[in-house]
Amino acid sequence: MTNEQPHGKNILEIVKHVVEVHGKTREELIPILQDINKEYGYIPSQGLEEVARLLQIPKSQVFSVATFYHMLNVKEMGRHIILFCESAPCHVVGGREVWRRLKQELKIDAGETTPDKKWSLVTVSCLGVCGVGPVIVIDEDLYGNVTPEMIPDILARYN
Amino acid sequence: MAFYRSHVLVSVDPECVKRGAHQIIDALNDELVAQGLIDEIQVLETSRIGDPVLFGPDMIVYPEGVHYACLSPDDIPYLVEEHFLKGRIVEKFRAQEKKVVDEELGAPKAKEVRVVLRNCGVIDPNNIEDYIAEDGYMALAKVLSEMTPEQVIDEVTRSGLRGRGGAGFLTGRKWQFCRNSQADMKYVVCNADEGDPGAFMNRRVLESDPHSVIEGMIIAAYAIGARQGYIYCRAEYPLAVKTLNIAIKQAREFGFLGENILGTGFSFDLEVRQGAGAFVCGEETALMASIEGRRGEPRPRPPFPAVSGLWGKPTNINNVETYANVPQIILRGADWFASMGTEKSKGTKTFALAGDVKHTGLIEVPLGITLREIVYDVGGGIKDDKGFKAIQTGGPMGGCLPAEFLDLPVDYESLTQAGSIMGSGGMVVMDEETCMVDIARFFMEFTQEESCGKCTPCRIGTRRLLEILTRICEGKGEDGDIERLEELCEQIRTASLCGLGQGAPNPVASTLKYFRHEYEAHIYEKRCPAKVCRALIAYEIVPEACTGCTVCARNCPVNAITGERRQPHKIDPDICVRCGICMQVCNFNAIVVN
């Protein structure tokens, strides 16, 4: 999910490659968008247009699909993406306090990216690891049984 | 034939070979010759014994059944002398079984019956042979060689298995509808878009026993006459997707998937489709739209998927747990399955127990068990021995049931009658410190966010519900709000297109019904009885307990706390933002909420 240098990569080349792997059919649209999102960090409008052109689908439909699913980003994201589980099992075991602390430390709200493009804070629904709630995921690292006091230490592990 | 008093089985698993298993065998044979024991002890090669990464190279000695691990050739002379000559087990070489703490799935507790979860944590999910050793694919072989599709459907129907995704439709009847539809192409789909917050039973089955689901799907495909299948798995479960892909590849290699399965002429293949983070895709028509590469928006039914599903072709959709039950029903018979449960709800059900209960995690219990047995016998009671307040069943479309319902049997009809639902199996237990208005607001936040926006009652109705609830939690509730909420709930329930909208008001309606006094306290007395809603509480310092250590004042983000060192401090309620940090940092429990 991290992307060290999103702009070091050529979006058109990524689209071309991903479309070749999946094939130019409508039912592959979501897997194609997922791969672009993973490779590039998000799907810029140029990428959406190229997908539409190659698959011969109206641009509006590609955009409508890309914005429907939470895991596809059409806006540039930070270097590290924090997923905060906002579902009930985490909520009732102290998730609310963790969330407040996260916002306080990063000084951004849900869906926002810090000005230095280091962090994006995203709320997600259940990640299915409720046994160890409250849960946050940073990039691909999962942290369970999180308390507000742990937040500064966890954040300090990333640069 | 020679007789040996003892046999030594050395693992020649590739990992163990890499770590020198053959040198161990050579050293063993040399030493046995040297000690004159070579006619009494036989050294044999065997496949994997324990985890080769943890234990390799390792061996097991019979008849004692002693497992020696992490051996090197230098250890062998001592081992042979001690064990085979002097008959003493060498403790220091014995494998130390690692105590694996499985936070999700412990050993079965009293009153649990494991059918769907039986292989979880027991077999290696990435090795099809482990599954086969547990009678895996036996049901498929039986179906393909001995049973007609009608007999399969009849067996599943007689078992009484109902859809485990939550709606509880009779699985056998669903299959029959799909079989009856005439078409050149039919599909079988597995709904693995387990999105209910707090529910992770399906994830565990997919990650720990993927072949049981695959086998169930192949049997369903045979019964309805489908050639192609899809497993729609949510993107939040990357490990499940990976495990499934490995399992499908192995099943193909073993001839359980693909052309001419087990030489019977029946052909079927499977593909995993990954979701992209949309809760509504768990609704079957939205799920199919997503597989087709469109926005996951539901459409009205009929036509039902059994008539017109994926690309307009007849499609059978079942949930992960439903399919995982099928091989067991075929192998052990419909009567065995029907012997568990109640008159109308047969078999077992997996639940994910979460919240303020001592033992959280996955459980599998026979249907008909009471909520009390689940909370107290299986779950071990409420954390910190606090009082029980409510249990929320059925996920965000379910309801909150108070203590009066603890003796309610858990079956589809009883839960619906009480104002909740079975759902896919999330269960959140709440203790006395939970504010039910806050919980209702919380669930509405979820459904409002996840509403796909296609139909108006759900899109706007959930928004309005949320606005009113937020107002109440902020202490701005007005006379008439309760009635407005009730009216909205009814309208959303009756006018929405899919299960998401129809079920969305449940958390509000059920808390209004059973915890009305809490709403009234918020609205009329501007008081949050559970001391949760920030606008309705005040943090205060107990002067007698305060030592004046200044920790709270230094940590307060808005400088609302003042006081001299070693003198009791005070919180200014007008400045306080009620973040609760002072209470967390106080070492003397001097801060209370009123």
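Just after helix α15 of chain B, B:Gly380 adopts a positive phi of about 80°. The model is predicted, so that local features need pLDDT of at least 70 and side-chain atom pairs count only at pLDDT 80 or more, while totals for chains, interfaces and linings use all residues. Residues are numbered from 1 along each chain as its sequence is written, and chains are lettered from A and ligands numbered from 1 in the order in which they are written.

Within α15(B), which covers residues 371–378, the buried positions are B:Leu371, B:Ile374, B:Val375 and B:Val378, a residue being buried if 20 or more other C-beta atoms, placed from the backbone, lie within 10 Å of its own. Seen down the axis of α15(B), these residues fall within an arc of 125°, so they line one face of the helix; the arc is that of the directions from the helix axis to the C-beta atoms. They pack against β10 (361–366), β11 (388–393) and β13 (426–431) of chain B, where contact requires C-beta atoms, placed from the backbone, within 7 Å. Helices (H or I, at least four residues) and strands (E, at least two) are DSSP runs, numbered from the N terminus.

Chain B contains 24 helices and 17 strands, and 52% of its 594 residues count as buried. Its C-alpha trace spans about 95 × 75 × 40 Å along the principal axes. Of the contacts in chain B with a separation of 6 or more, 71% are accounted for by residues 24 or more positions apart.

Definitions and conventions: Buried ≥ 20, exposed ≤ 12 C-beta atoms within 10 Å, placed from the backbone. Contact = placed C-beta atoms within 7 Å.
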